[in-house]
Amino acid sequence: MGLPGNIIEFLNIYDGFSIAPSNTDLICLKGKLHFNRTYKETNEIEDSFELVIKVPNDFPRSVPIVEEVGGKIPRHNTYHINPDNTLCLGSPLRLLINVSKNPSLIEFIELLVIPYLYAVSYKLKNKGDFIFGELAHGLNGQISDYESLFNVKGKLAVTNALKALSIKKRVANKKKCPCGCDTRLGTCELHNRLNPIRKIITKNGFKKVLIDLK
């Protein structure tokens, strides 16, 4: 069975990577990612990191997992790296939205991984904060991000919005609106906020995010 086109394209562009053995159904890519970038008015940075990128078979319906294996990034939550060495590139739903809009492994690297690594390099060199801003760690950060995305307030409202997105629109619109306005979702302005998001991700995708939030 041949490699998926996304993997072939990635290996052609990033020749420092190769297929690594994997005891799961994920495609494992291991190598050194080198970049030379500048963003807006920030300084140009050239750096490299040793990574393992695990690509799900159903990508882009699921998001790749990226691990830093060279020990270059401090194992501290201020660098947004998880205890298992995986990079915290954003909230699960934001990542799903991003890869759904940009269903290419190359774009995943360019739009998410390299900016994160640039911010890490900048922080290591300048001893400051993440230059692109950052969410709070863990569940609080996810809730805050989803509040902004859905334009609601509180974990309950966020959870109910995800539940509405995980079922058929005509069913969700008949239920009480997650925002707490005591009207049906279909008659509240919130449905105009949720409908474009609904078109990007499958109902199962929202269910996975909901499970992760719990």
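The largest pocket of this predicted model has a volume of about 1,200 Å³. A pocket here is an open set of points on a 1 Å grid over the protein atoms alone, where a 1.4 Å probe fits, with protein on both sides within 12 Å along at least five of seven lines; the volume is the space filled by probe spheres set on the points. Of the 42 lining residues, Cys88, Leu89, Gly90, Ser91 and Leu95 are the closest to the centre; lining means an atom within 4 Å of a point. Elements giving two or more residues to this lining include helix 2, helix 3 (105–126) and helix 4. Helices are DSSP runs of H or I with at least four residues, numbered from the N terminus.

Helix 2 (residues 92–101) and helix 4 also pack against each other: their axes come within 9 Å and cross at roughly 50°. Axes are lines fitted to C-alpha atoms over the stretch in contact, and angles run from 0 to 180 degrees between N-to-C directions. Helix 2 contributes Pro92, Leu93, Arg94 and Ile97 to the contact, where contact means heavy atoms within 4.5 Å.

Helix 4 (residues 138–150) meets helix 7 (residues 190–198) as well, with axes within 9 Å and a crossing of roughly 110°. That makes helix 4 roughly perpendicular to helix 7, the term for 65 to 115 degrees. Ser148, Leu149 and Phe150 of helix 4 touch Leu190, Arg193, Leu194 and Ile197 of helix 7.

Residues are numbered from 1 along each chain as its sequence is written. Local features need pLDDT of at least 70, and side-chain atom pairs count only at pLDDT 80 or more, while totals for chains, interfaces and linings use all residues; side-chain values use heavy atoms, leaving out hydrogens and water.

How values were computed
Angles under 35 degrees count as roughly parallel, over 145 as roughly antiparallel, 65 to 115 as roughly perpendicular and the rest as oblique.
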